[in-house]
Amino acid sequence: QMHYELLSPELIRSVSMADFQQKGMQRLNEMSVHLGQSPSGRLNFYYHLAAMNFHTTIRSFEDAEKHGSELLQLISENSLLQSDGNIAAVNIELSGISLAGGNNQAAGIFAQQAIDAGGLVAEQRLQAFRLLALSQFRSGDYTAAAATITTALRRKDTSATPLAEGRLRLLQAAVALEQKSYKESAGIIARCCALTNDHRGWMPGYFLLDLQLNLERGLIDVAEHRLDAFRHSVRRHQLDGKNGDLRLSAILFLLNRLFKLNIAYKNLREKESQRIHLLHQNENDYWWNPAGYELIRFDQWLLRRAG
């Protein structure tokens, strides 16, 4: 049970991230002592799994990758744990960890290893391909990212997992947007509507990318309408505000100000420099997750538009 409690702050009733970090380290130390007293492959597996999840949550990505690598080695050496599915699943986790930590090359290697291992259900397969394409996208290799996504979407079982398919297609739309293929990007986004139901996942990313696209195309009335829908959906599901995602709240605030300033990006940069700086610092509650839904990092996009 203890390793499950290290998955998120809520599960060990933490009042803050600092509290979660303290309690989490205590739980890990308890697990380590127990493992030393009664060593077993199964306990070792759960220890490294818990440690990997814990360090990922507190954004200690080097430590998370270390425990993930230990987990991979353990699986490969233990006949009871060894399976293509387990190897692929851990590689997927390691790919996401590497992306979040800014190591695009390692992320691509782990994602490819997950794909090569096999044993993946449709949702995992799409996730592995998305992580591979993301590693290419973050490295600026849009041609490779587009090719990877096309390969993934050829499979007939893709439509069986609409949210996983939607996330992959949204990345495809982001690739097209960065290549200034606006019509192509718009057509792809129109096929990602399932993400509006992904309230605790990529729903904000769907609206944000759609807004970025329409603003770049100069479709201001359309963009304003989409911003209203974005704002309504976020508030309805209580994703912003004091107890919500502060980075998302700041992005919505800046988008609202942008429209009030008649889409004057330079004026926005001058009047809201402090808030933009918070996003640009990329720390604590304003951290940007390179593996998450904010496919085209908002503060960088905004500054590019301001010139």
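Predicted model: local features only at pLDDT ≥ 70, side-chain atom pairs only at ≥ 80, totals over all residues.
Setting aside neighbours within four places in sequence, Leu 170 is in contact (heavy atoms within 4.5 Å) with Ile 189, Cys 192, Leu 195, Trp 202, Gly 205, Tyr 206, Leu 209 and Leu 295. Leu 170 is also one of the residues that touch the most other members of the largest nonpolar core, along with Leu 215, Phe 230, Leu 255 and Phe 298. This core holds 68 residues; a nonpolar core is a set of buried Ala, Val, Leu, Ile, Met, Phe, Trp, Tyr and Cys residues joined through side-chain atoms within 4.5 Å, with buried meaning under 20% relative accessible area, exposed over 50% and partly exposed in between (1.4 Å probe, protein chains only). A second, separate core has 15 residues, including Leu 72, Leu 81, Val 90 and Leu 94. In soluble globular proteins, nonpolar side chains tend to be buried together.

Residues are numbered from 1 along each chain as its sequence is written, and side-chain values use heavy atoms, with hydrogens and water left out. The mean pLDDT (the predictor's confidence in each residue, from 0 to 100) is 91, and 94% of residues reach 70 or more. Over residues 1–5 the pLDDT is below 50, and this stretch has twelve contacts beyond near neighbours in sequence.

The protein contains 16 helices and zero strands; helices (H or I, at least four residues) and strands (E, at least two) are DSSP runs numbered from the N terminus. Helix 9, residues 162–178, reaches 24 Å from its first C-alpha to its last, close to the 24 Å expected from 1.5 Å times one less than its number of residues.

Asn 262, at about 60°, lies between helix 13 (246–260) and helix 14 (265–271), and is exposed with a relative accessible area of 69%. Asn 284, near 50°, sits between helix 15 (273–281) and helix 16 (298–306), and counts as exposed at 60% relative accessibility.

Overall, 49% of the 307 residues count as buried, and the C-alpha trace spans about 65 × 45 × 30 Å along its principal axes.
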